[in-house]
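Hi,

Here is the structure I promised to pass on. Have a look at it first, and then read my notes below.

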Amino acid sequence: MKLYQRQRHRVLQIVTKLIIPFVLLFALYVQFHGDYGPGGGFQAGVIFASAFILHGLIFGMQRTRKVITPTALRILMALGVLIYLGTGILSMLLGANLLDYSVLAHDAKHGQHWGIFAVELGVGVTVTAVMISLFYSFASRR
Amino acid sequence: MELLVTVVLLSFLVAIVIGIIVLRDLLAGVILLGLYSLVAAGVFVVMDAVDVAFTEAAVGCGISTILFLGALSFTRHEQKPRGNDSVVAMVFVVVTGAMLIYGTLDMPHYGDSSSPAQTHPELTQHYLYESMGETGMPNVVTSVLASYRGYDTLGETVVVFTAGIAVLSLLGLIRRRPEEEAPDDAPGDLPKQADDDLERIA
């Protein structure tokens with residue numbers, strides 16, 4: 001409670017703390033339900049990043065930088081592309097074309113499912129990291 | 001009914017664009033740009049392109065608005081009065097706009113039954129009928145995006161990655177303050193004096 005007592009925007013901060021878990025959960029839903037409904041890595045990444053941006057706007061950049069550091073973001077940015085490309089390379093190593101997921105599992109459909117899961121995850125990770133980095137770069141130049 | 005909704009939404013788009021051009025207040029312009037994206041997302045929903053609408057609403061209306069607001073904090077909130085070069089700019093814009101409109105004349109009309117997509121339906125039908133059997137994905141958009149056209153999406157992801165690297169190298173790395181020099185206060189923090197008082201009361 002001590003943190004709140006030092007702050008002026010107490011209502012905003014408490015409401016934000018209540019909202020952020022739901023935003024993150026909705027982002028995960030959009031990420032992993034993209035196979036069945038509208039959504040996917042791009043949209044989920046943006047929604048996931050918006051939770052951190054909301055945190056930055058309400059609690060200040062210094063606190064958000066402690067939650068997720070710029071260095072971690074740079075690593076995540078590259079990691080997403082690596083997950084995507086790694087899935088493609090893996091399918092090549094298993095004897096198929098680049099990004100042909102049918103060989104990733106014993107059954108072609110399961111392989112497709114795993115492959116799409118992996119590349120969407122890669123897209124989501126990269127988009128999240130890039131969006132938060134953009135926000136950091138713009139907001140910390142005052 | 002659908003026609004009425006489309007006409008109303010497109011009229012909104014035109015009105016918003018005129019508002020953006022007329023207004024000198026950059027903050028209002030940014031908010032109107034967000035509104036433009038939201039209405040455009042509505043148009044996409046009417047066209048049954050739910051995934052595109054979702055992206056437009058999240059990226060165009062959400063993140064872009066926030067980033068524009070962040071960029072606005074470096075500038076003034078008012079647009080500078082234009083100088084004498086507005087005639088040249090006007091000619092340039094009119095010529096470019098005319099070329100763009102001329103470029104769209106070749107394109108098939110929306111829902112045109114004689115468009116190439118309709119007269120050569122093999123690819124579309126393959127996606128629509130075989131996607132479930134080949135990939136097990138009920139959402140055809142996802143199966144096209146991530147599996148059939150996975151190579152394109154890899155390119156898009158690399159583009160996003162490159163954009164992030166570019167912004168970091170322009171804004172992030174050069175003028176980055178060391179962490180310990182960064183001020184410890186946050187928006188909404190009370191001044192240090194009042195802070196002590198509050199803690200004493202608590």
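Let me start with a helix pair in chain A: H5(A) and H6(A) cross in a left-handed way (the near helix is turned anticlockwise from the far one by less than a right angle; clockwise would be right-handed). Helices here are DSSP runs of H or I with at least four residues, numbered from the N terminus. H5 of chain A covers residues 70-93 and H6 of chain A residues 108-139, and they pack at an angle of about 160 degrees with their axes 8 Å apart. Axes are lines fitted to C-alpha atoms over the stretch in contact, and angles run from 0 to 180 degrees between N-to-C directions. H5(A) and H6(A) are therefore roughly antiparallel, the word for angles over 145 degrees. Their contact has 17 nonpolar, seven polar and no charged residues. Nonpolar covers Ala, Val, Leu, Ile, Met, Phe, Trp, Tyr, Cys and Pro, charged covers Asp, Glu, Lys and Arg, and the others, Gly among them, are polar.

Before going on, some housekeeping. This is a predicted model, where local features need pLDDT of at least 70 and side-chain atom pairs count only at pLDDT 80 or more, while totals for chains, interfaces and linings use all residues. Residues are numbered from 1 along each chain as its sequence is written, and chains are lettered from A and ligands numbered from 1 in the order in which they are written.

Now to where the chains meet. 49 residues of chain B are in contact with 55 residues of chain A (contact is C-beta atoms, placed from the backbone, within 7 Å). On the chain B side, H8(B) gives the most, with 14 residues. That side divides into 28 nonpolar, 15 polar and six charged residues.

H3(A), residues 41-59, packs against H3(B) at about 30 degrees, with the axes 9 Å apart. H3(A) and H3(B) are therefore roughly parallel, which is used for angles under 35 degrees. This crossing is left-handed too. Among the residues that meet are A:Phe42 and A:Ile53 from H3(A), and B:Phe54 and B:Ile66 from H3(B). By class, the contact has ten nonpolar, four polar and no charged residues.

For chain B the mean pLDDT (the predictor's confidence in each residue, from 0 to 100) is 83, and 83% of residues reach 70 or more. Over residues 193-198 of chain B, though, the pLDDT is below 50.

Cheers

Technical notes: Two residues are in contact if their C-beta atoms, placed from the backbone, lie within 7 Å. Helices (H or I, at least four residues) and strands (E, at least two) are DSSP runs, numbered from the N terminus. Angles under 35 degrees count as roughly parallel, over 145 as roughly antiparallel, 65 to 115 as roughly perpendicular and the rest as oblique.
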